[in-house]
Amino acid sequence: MPVLPKLTVETTKDDENEHFFYEGSSDLKQTRLEFADFSLKRAAVRIERSKLKKLTVDPLEEEAVIDKEVARFSDLDMLRCEFADTSIASRGVFSPDAQLYATSGWSGACRVWAIPNCEMKAELTGHLSKAIDLTFHPQSCLTLAPSAPNIATASVDCTIRLWSLDFEATRQTSHVLKGHEDRVNRIRFHPLGKQIFSTSHDKTWRMWDLETKKDILTQTGHSKPVYALAVHPDGSLVYTGDLGGFGMMWDLRTGKSILPLFGHVKQIICADISVDGYHVVTGGDDNTLRVWDLRRKNCLMEIPAHTKLISDVKFEPNNGRFLLSSAYDCSFKIWSTKDWSLGKNVSSNESKLTSVSITQDFQYIATTSSVSYTHLRAHETGRNLVCRLLLEKK
């Protein structure tokens with residue numbers, strides 16, 4: 001008869017303090033080293049700019065600049081319309097050079113549009129079910145070759161597709177990334193441009209290598225389906241939020257979960273990280289926006305932003321001086337980051353808004369919506385154009 005080891009107080013204490021690690025591959029180790037080298041350099045530049053700004057720019061002048069930028073959107077007029085999908089348009093995003101706008105739809109097809117004439121340049125067909133999200137590569141339309149993976153799309157069919165963007169070709173080619181066991185919800189490229197991240201209903205988020213077309217990290221830690229996703233502009237951190245209302249900040253250089261973010265009482269749908277490096281905004285089914293400060297490690301502000309589910313949120317991409325939110329209450333709003341006050345409310349009586357996007361030059365803002373037919377509309381205010389993608393009933 002086998003003799004069982006006697007359990008002592010010391011043994012129990014050692015077991016409680018024991019850490020469990022997944023063994024990582026050599027490719028993952030090399031990727032983490034690249035992330036560390038890349039992010040430390042970008043962080044040094046960002047911090048130096050912040051210090052210089054504090055020395056040279058008066059705080060009152062900076063507040064006046066924020067007010068001026070928000071005031072640019074005070075008068076909006078309709079300019080243009082266009083169909084975008086035969087079903088619900090789930091997401092929309094601008095290319096880095098602001099010359100293209102891509103949309104994903106529940107028909108399974110994604111489309112690429114020229115801005116501002118709204119001419120369809122390409123149709124990306126291949127997903128077997130609803131297309132949920134899409135994103136441009138950081139160097140797409142800039143230095144990236146047309147045959148390289150310029151656009152990534154995510155679908156309910158549990159796959160991610162990487163698409164070329166060669167307008168001279170009759171059909172765009174794609175590579176399929178398989179691994180998730182349930183629908184893929186959100187995808188984002190790393191600023192380095194060599195990896196892509198994804199969240200899924202299988203309660204994991206993954207990191208994929210674009211060269212090998214394989215996942216090099218499958219991260220657990222959530223007890224509910226993982227939905228919201230945001231990557232730090234330095235490339236050092238990634239935020240994930242699940243449908244249970246739990247958010248987590250992960251360090252990509254060490255693989256550790258470094259900061260849990262509690263506060264939402266319902267599912268977290270969207271998130272974004274400001275270019276200042278320390279402000280994070282999240283939104284979800286509790287109709288609130290929550291602004292988090294990574295330096296203080298707490299919630300800086302809770303904003304009762306909308307009356308229904310908040311579908312998307314974006315910081316202004318250059319300086320983070322304002323943010324935009326869209327919701328199922330048929331509106332998108334512009335918020336000043338000076339005091340997190342409402343700067344502009346744009347209502348649409350047609351349908352629920354599913355996403356919002358803005359170009360780096362502030363010339364265009366686009367939203368997608370949730371009724372059968374879509375129209376691409378643009379608003380004009382002085383020399384600034386603001387573009388909305390809306391879905392309307394036939």
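Predicted model: local features only at pLDDT ≥ 70, side-chain atom pairs only at ≥ 80, totals over all residues.
Which residue stands opposite Ile-196 in S10? Residues are numbered from 1 along each chain as its sequence is written, and side-chain values use heavy atoms, with hydrogens and water left out.

View 1. Strands here are DSSP runs of E with at least two residues, helices are runs of H or I with at least four, and numbering starts from the N terminus. Two strands pair if DSSP finds at least two bridges between them. S9 and strand S10 (residues 195–200) run antiparallel and are joined by five bridges. Here is the residue we asked about: Phe-189 stands opposite Ile-196 in S10.

View 2. Contact means heavy atoms within 4.5 Å.

**View 3. The largest nonpolar core holds 14 residues.** Such a core is a set of buried Ala, Val, Leu, Ile, Met, Phe, Trp, Tyr and Cys residues joined through side-chain atoms within 4.5 Å. Buried means under 20% relative accessible area, exposed means over 50%, and partly exposed is in between (1.4 Å probe, protein chains only). Phe-197, Trp-205, Met-207, Val-238 and Leu-252 touch the most other members. Two or more residues each come from helix H2 (26–56), strand S11 (205–209), strand S12 (214–219), strand S13 (226–231) and strand S15 (247–251). Leaving aside neighbours within four places in sequence, Leu-252 is in contact with residues including Arg-32, Phe-35, His-190, Phe-197, Trp-205 and Val-238.

**View 4. Another open sheet of four strands has the order S1-S2-S3-S4, again with antiparallel pairing.** Strand S1 (89–94) and strand S4 (120–124) stand at the edges; each has a single partner strand, so one side of each is left without a neighbour in the sheet. The twist here averages 20° from one strand to the next. Five bridges pair S1 with strand S2 (residues 100–105) in the antiparallel sense, and Val-93 has Ala-102 in S2 as its bridge partner. In the loop between strand S3 (110–114) and S4 you will find Pro-116, joined to Ile-115 by a cis peptide bond with omega of about 15°.

**View 5. Phe-73 and Phe-322 form an edge-to-face pair.** Rings of Phe, Tyr and Trp (its six-membered ring) pair if their centres lie within 6.5 Å; planes under 30 degrees apart count as stacked, over 60 as edge-to-face and the rest as tilted. By this rule the count comes to seven aromatic pairs. For Phe-73 and Phe-322, the values are 5.6 Å centre to centre and 65° between the planes. Phe-73 lies in the loop between helix H3 (59–71) and S1, and Phe-322 in strand S22 (residues 322–327), so the pair ties together parts that are 249 residues apart in sequence. Phe-73 is buried at 2% relative accessibility, and Phe-322 is buried at 0%. Ring pairs also link Phe-73, Phe-322 and Phe-362 into a cluster.

**View 6. Two charged side chains lie over ring faces.** A charge sits over a ring if NZ of Lys or CZ of Arg is within 6 Å of the ring centre and within 35 degrees of the ring normal. Lys-121 lies over the face of Phe-167, 5.3 Å from the ring centre. Arg-295 lies over the face of Tyr-278, at 3.5 Å from the ring centre.

**View 7. Lys-297 and Trp-340 have positive phi values without being glycine.** Lys-297, with phi of about 60°, lies in the loop between strand S19 (289–293) and strand S20 (298–303). Lys-297 is exposed, with a relative accessible area of 59%. Trp-340, with phi near 60°, is found in the loop between strand S23 (331–336) and strand S24 (342–347), and Trp-340 counts as buried at 9% relative accessibility.

Note on methods. Axes fitted to C-alpha atoms, helices over the stretch in contact; angles between N-to-C directions.
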